[in-house]
Amino acid sequence: MRTFVAGQEAYGDLEFAELALGIDIDLFRGPLVPEEDDERAAREDAARDILADLRREAEDGDDIAAWDALYADALTRTVPFLRAARGHRPGTGEAA
């Protein structure tokens with residue numbers, strides 16, 4: 001069986017969630033593979049800007065943006081757990 005969201009085919013649970021919610025999970029959570037410090041800094045800057053935009057839209061009465069902001073914010077809080085699970089020390093990119 002094939003699953004479509006807004007005319008796009010979702011090839012898995014993660015892609016379905018991204019299409020349905022309009023949130024790039026890796027942008028806010030971070031990739032599950034190691035990333036360079038400059039890549040992480042650029043990703044986190046973009047995520048902060050998008051989250052700020054979502055919060056502004058939520059304050060203006062957009063309920064969908066409010067829920068998206070909550071979800072995106074929660075995703076940003078999962079990063080330390082993922083890095084700890086991979087055995088990396090926070091902020092160093094090195095194994096513990």
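**Helix 4 and its buried face**

Helix 4 has these buried residues: A65, D68, A69, A72, D73 and L75. Seen down the helix axis, they fall within an arc of 155°, so they line one face of helix 4. This is a predicted model.

**The helix**
- Helix 4 covers residues 63–76.
- Helix 4 has 14 residues and reaches 20 Å from its first C-alpha to its last. That is close to the 20 Å expected at 1.5 Å a residue.
- An α-helix has 3.6 residues a turn, so residues three or four places apart point the same way.
- On the other side of helix 4, D63, W67 and L70 are exposed.
- D62 caps the N-terminal end of helix 4. A side-chain oxygen of D62 lies 3.0 Å from the backbone nitrogen of I64.

**A closer look at A65**
- Is A65 buried or exposed? A65 counts as buried because its relative accessibility is 2%, and the cut-off for buried is under 20%.
- Leaving out residues up to four places away in sequence, A65 touches L54, E57 and A58.
- A65 and L51 are 14 residues apart in sequence. In space, they are 9.3 Å apart, C-alpha to C-alpha.

**Confidence**
- The protein averages a pLDDT of 79, and 77% of the residues score at least 70.
- Where is confidence highest? Helix 3 (residues 37–59) has the highest confidence, at a mean of 93.
- Confidence is lowest in helix 5 (residues 79–86), at a mean of 58.
- Where pLDDT is low, the predicted coordinates should not be read in detail.

How values were computed: Residues are numbered from 1 along each chain as its sequence is written. This is a predicted model: local features need pLDDT of at least 70, side-chain atom pairs count only at pLDDT 80 or more; totals for chains, interfaces and linings use all residues. Side-chain values use heavy atoms; hydrogens and water are left out. Helices (H or I, at least four residues) and strands (E, at least two) are DSSP runs, numbered from the N terminus. Buried means under 20% relative accessible area, exposed over 50%, partly exposed in between (1.4 Å probe, protein chains only). Contact means heavy atoms within 4.5 Å. pLDDT is the predictor's confidence in each residue, from 0 to 100. The expected span of a helix is 1.5 Å times one less than its number of residues. The arc is that of the directions from the helix axis to the C-beta atoms. A polar contact is a pair of N or O atoms within 3.5 Å; within protein, one must be able to donate a hydrogen and the other to accept it, and residues adjacent in sequence count only if both atoms are side-chain atoms.
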